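Subject: Structure for your review

Dear colleague,

Please find below the structure that I am handing over to you.

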Amino acid sequence: MAFKKKKKNDREAMDEALSVPVLQLGDEVPEVTCDSTMGMFNLHDVVDGAFSVIVTFLFPFDPVGTTELALLAKLKDEFDQRDAKLVALCVDTKENHRKWIEDVQELQEVVVWFPIIADENAEISRLLNLVKPMAVNAKRNLKPATLVMILDIDKRIRLIQHYPNACGRNFYETLRVLDTLKLTLFHQCVSPANWQQGKEVYVRPGLSSDAANPLFPRGFNEMRPWMRSTTQPDSDTAS
């Protein structure tokens, strides 16, 4: 992210820290220019028009993060099948990230195919609510947490998950949520607890049964006016 490096007094630094908006569900991810292990890029250019996943790391050379990077690397085909983009972010330098990738690839026998943003001063992490409130020095005041964020095709945030740094993340759950978001974007339905591809879904509450009939030609089971189960619509055809 491009930030001007100039000396500020404590008051200016505090005002700047307080003025940074924290991203919430439904917000558009900001347009920031990032340096990464794969070079400079504009985040909007990378994620525009595709479902995208952003994962964060507090620091490199960490056993939990190493296994997470390896799993994400192994899931390349899963991301490709969903036409989903993947971007990582870590609070350190690009050079250290590249050294870390070398270790990950050697230890885990994988190829890391996605960029890791170098958030050296943790200012992007501040936007992602990973810095303690009102902290002047973001890098010294990171929360002990990592993040998974999913963006929709309009660059808007549809999922925010925070994990304690000692807990490895379940990226199969990330893929499951991606499937749900893509399905419910194009169809008037919602997914139940622990839903998996091919399982039944429910007609979206607020949609009348008369309006739902033509949208679900295979019919639905109306247990209550608001509880109507149906087979999963074709995820490639909008209804």
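Helices (H or I, at least four residues) and strands (E, at least two) are taken as DSSP runs and are numbered from the N terminus. The model is a predicted one, in which local features need pLDDT of at least 70 and side-chain atom pairs count only at pLDDT 80 or more, while totals for chains, interfaces and linings use all residues. Residues are numbered from 1 along each chain as its sequence is written, and side-chain values use heavy atoms, with hydrogens and water left out.

Overall composition

The protein chain contains eight helices and 11 strands. Of its 239 residues, 46% count as buried; buried means under 20% relative accessible area, exposed over 50%, and partly exposed in between (1.4 Å probe, protein chains only). The accessible surface of the protein chain is about 12800 Å², and carbon and sulfur atoms supply 50% of that surface. These areas come from the Shrake-Rupley method with a 1.4 Å probe, and for residues only the protein chains shown count as cover. Among contacts in the protein chain with a separation of 6 or more, 62% are between residues 24 or more positions apart, a contact being heavy atoms within 4.5 Å.

Salt bridges

Side chains of opposite charge can pair when their charged atoms come close. A salt bridge is here a side-chain nitrogen of Lys or Arg within 4 Å of a carboxyl oxygen of Asp or Glu, and by this rule the count is nine.

One of these joins K76 to D80, with 2.8 Å between the closest N and O atoms. The two residues are separated by about one helical turn, because they stand four residues apart in helix α4 (residues 76-81). K76 is partly exposed at a relative accessible area of 32%, and D80 is likewise partly exposed, at 37%.

A further salt bridge is formed by the side chains of R82 and D179, at 2.8 Å from N to O. This pair links distant parts of the chain, 97 residues apart: R82 is in the loop between α4 and β4 (85-90), and D179 is in helix α7 (residues 171-186). R82 and D179 are both buried. Together with E78, these two residues are linked in a network of salt bridges.

R126 and E123 also meet through their side chains in a salt bridge, at 3.1 Å from N to O. Both belong to helix α6 (residues 123-127), where they are three residues apart, about one turn of the helix. R126 and E123 are each buried.

Surface charge

A patch of negative charge on the surface gathers E28, E31, D45 and D154. Patches are made of residues with over 30% relative accessible area and no salt bridge; like charges are joined within 9 Å, and nonpolar side chains (Val, Leu, Ile, Met, Phe, Trp, Tyr) within 5 Å. Lys and Arg count as positive and Asp and Glu as negative, whereas His and the chain ends are not counted. The place of a charge is taken as NZ of Lys, CZ of Arg, CG of Asp or CD of Glu. E31 is exposed, with a relative accessible area of 55%.

Individual residues

Q24 is placed in the loop between α1 and β1 and counts as partly exposed, at 46% relative accessibility. Q24 and R158 lie 134 residues apart in sequence, and their C-alpha atoms are 9.0 Å apart in space. With neighbours within four places in sequence left aside, Q24 is in contact with I157 and I160.

Y163 is located in strand β7 (residues 157-164) and is buried, with a relative accessible area of 14%. The C-alpha atoms of Y163 and A145 are 5.3 Å apart, and the two residues are separated by 18 residues along the chain. Residues up to four places away in sequence not being counted, Y163 touches P144, A145, T146, V148, R169 and N170.

Backbone angles

D83, a residue other than glycine, has a positive phi near 50°. D83 is in the loop between α4 and β4 and is exposed, at 59% relative accessible area. M134 is not a glycine either, and its phi is positive at about 65°. The loop between α6 and β6 (145-151) holds M134, which is exposed with a relative accessible area of 54%.

Yours sincerely
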